[in-house]
Amino acid sequence: MTQPTRPDDPPAPPPASEPGAAEFATRDPGDAAFWNERFERGVTPWEFAGVPDAFRAFVAHHPRCAVLIPGCGSAYEAAALAQAGWPVRAIDFAAQAVAAAKAQLGAQHGSVVEQADFFAYEPPFAVQWVYERAFLCALPPARRADYAARMAALLPPGGLLAGFFYVGATPKGPPFGIDRAELDALLAPHFELIDELPVADSLPVFGGRERWLTWRRR
């Protein structure tokens with residue numbers, strides 16, 4: 001793996017906006033009902049509806065291992081891993097997200113998706129890679145310390161927390177952007193940053209501020 005670089009953070013985008021936000025009944029992203037309502041109505045601007053390039057490149061250059069995908073949404077990446085024979089579990093606490101994922105994976109691989117709370121979930125295998133895909137930025141900022149602690153508990157020394165991080169604080173969310181210094185302070189006690197790459201195919205909702213970061217458990 002390459003040594004990490006520390007490029008300047010990209011400029012802040014305009015505040016995130018949600019189509020028809022005023023029409024939604026649930027405004028608390030810490031509540032599964034928030035996400036269920038948006039999946040039910042098809043307002044899911046964070047859904048890539050495919051497999052991002054950086055994910056494909058990472059998988060191509062790493063040996064097969066057990067993967068956990070929290071906040072999986074429609075779980076396109078889980079489908080790709082399962083089809084390639086990787087042990088994978090994709091979880092989401094929103095029933096509608098799980099239903100979408102199971103429909104997308106079909107009968108052959110639908111069993112890799114579970115409805116579960118990441119902070120209490122016990123995977124059926126020893127996790128070696130947690131794939132971060134719009135999960136941290138979906139959490140209320142008050143849960144960031146819980147996120148770091150749970151990641152550290154799930155991964156053994158040498159295990160990887162790798163994926164897309166939405167860098168740069170935002171005035172509101174989701175997505176809740178995180179200042180780069182805060183992200184480093186959050187994860188550095190348990191993880192070492194070993195790789196950082198730009199992301200060329202970000203969705204508009206992420207404003208071109210995603211970075212692919214690979215953190216290794218100390």
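**Exercise 1. State how many of the residues of the protein count as buried, and describe its contacts and its elements.**

Step 1. Of the 218 residues of the protein, 52% count as buried, where buried means under 20% relative accessible area, exposed over 50% and partly exposed in between, with a 1.4 Å probe and protein chains only. The structure is a predicted model, in which local features need pLDDT of at least 70 and side-chain atom pairs count only at pLDDT 80 or more, while totals for chains, interfaces and linings use all residues. Residues are numbered from 1 along each chain as its sequence is written, and side-chain values use heavy atoms, with hydrogens and water left out.

Step 2. A contact means heavy atoms within 4.5 Å. Among the contacts with a separation of 6 or more, 67% are between residues 24 or more positions apart.

Step 3. The secondary structure comes to six helices and seven strands. Helices (H or I, at least four residues) and strands (E, at least two) are DSSP runs, numbered from the N terminus. The order from the N terminus on is α-α-β-α-β-α-β-β-α-β-α-β-β.

**Exercise 2. Trace the pairing of strands from β1 to β2 and from β2 to β3.**

Step 1. Two strands pair if DSSP finds at least two bridges between them. β1 and β2 run parallel and are joined by four bridges; in β2, Arg 89 is the bridge partner of Leu 68.

Step 2. The chain passes from β1 through α3 to β2 in a right-handed β-α-β crossover. A crossover is right-handed if, with the strands pointing away from the viewer, the path from the first strand over the helix to the second runs clockwise.

Step 3. β2 (residues 88-92) is mostly covered, with four of its five residues buried. Three bridges link this strand to β3 (residues 113-115), and the two run parallel. Ile 91 stands opposite Glu 114 in β3.

Step 4. From β2 the chain crosses through helix α4 (residues 95-109) to β3, and this β-α-β crossover is right-handed.

**Exercise 3. Describe how strand β4 is covered and which strands it joins.**

Step 1. Strand β4 spans residues 129-133, and five of its five residues are buried. On one side lie Trp 129, Tyr 131 and Arg 133, and on the other Val 130 and Glu 132, so that both faces are covered.

Step 2. β1 and β4 run parallel and are joined by two bridges, with Val 67 opposite Trp 129.

Step 3. β4 and β5 also run parallel, joined by five bridges. Here Arg 133 stands opposite Phe 164. Together with helix α5 (residues 144-154), β4 and β5 make a right-handed β-α-β unit.

**Exercise 4. Determine whether Cys 72 is buried or exposed, and name the residues that it touches.**

Step 1. Cys 72 is located in the loop between β1 (67-70) and α3 (76-83).

Step 2. Its relative accessible area is 9%, and therefore Cys 72 is buried.

Step 3. Leaving aside residues up to four places away in sequence, Cys 72 touches Ala 90, Ile 91, Asp 92 and Val 113. Ala 90 is 18 residues from Cys 72 along the chain, yet their C-alpha atoms are separated by 5.6 Å.

**Exercise 5. Characterise the largest pocket and the largest cavity.**

Step 1. The terms rest on a 1 Å grid over the protein atoms alone: a cavity is a set of points where a 1.4 Å probe fits but cannot get out, and a pocket is an open set with protein on both sides within 12 Å along at least five of seven lines; lining residues have an atom within 4 Å of a point. Grid points are joined across faces, edges and corners, and a volume is the space filled by probe spheres set on the points.

Step 2. The largest pocket holds about 820 Å³ of space. Of its 47 lining residues, Trp 35, Trp 46, Ala 134, Ala 138 and Pro 174 are the closest to its centre. α1 (32-41) supplies the largest share of this lining, three residues.

Step 3. The lining of the pocket divides into 31 nonpolar, seven polar and nine charged residues. Ala, Val, Leu, Ile, Met, Phe, Trp, Tyr, Cys and Pro count as nonpolar, Asp, Glu, Lys and Arg as charged, and the others, Gly among them, as polar.
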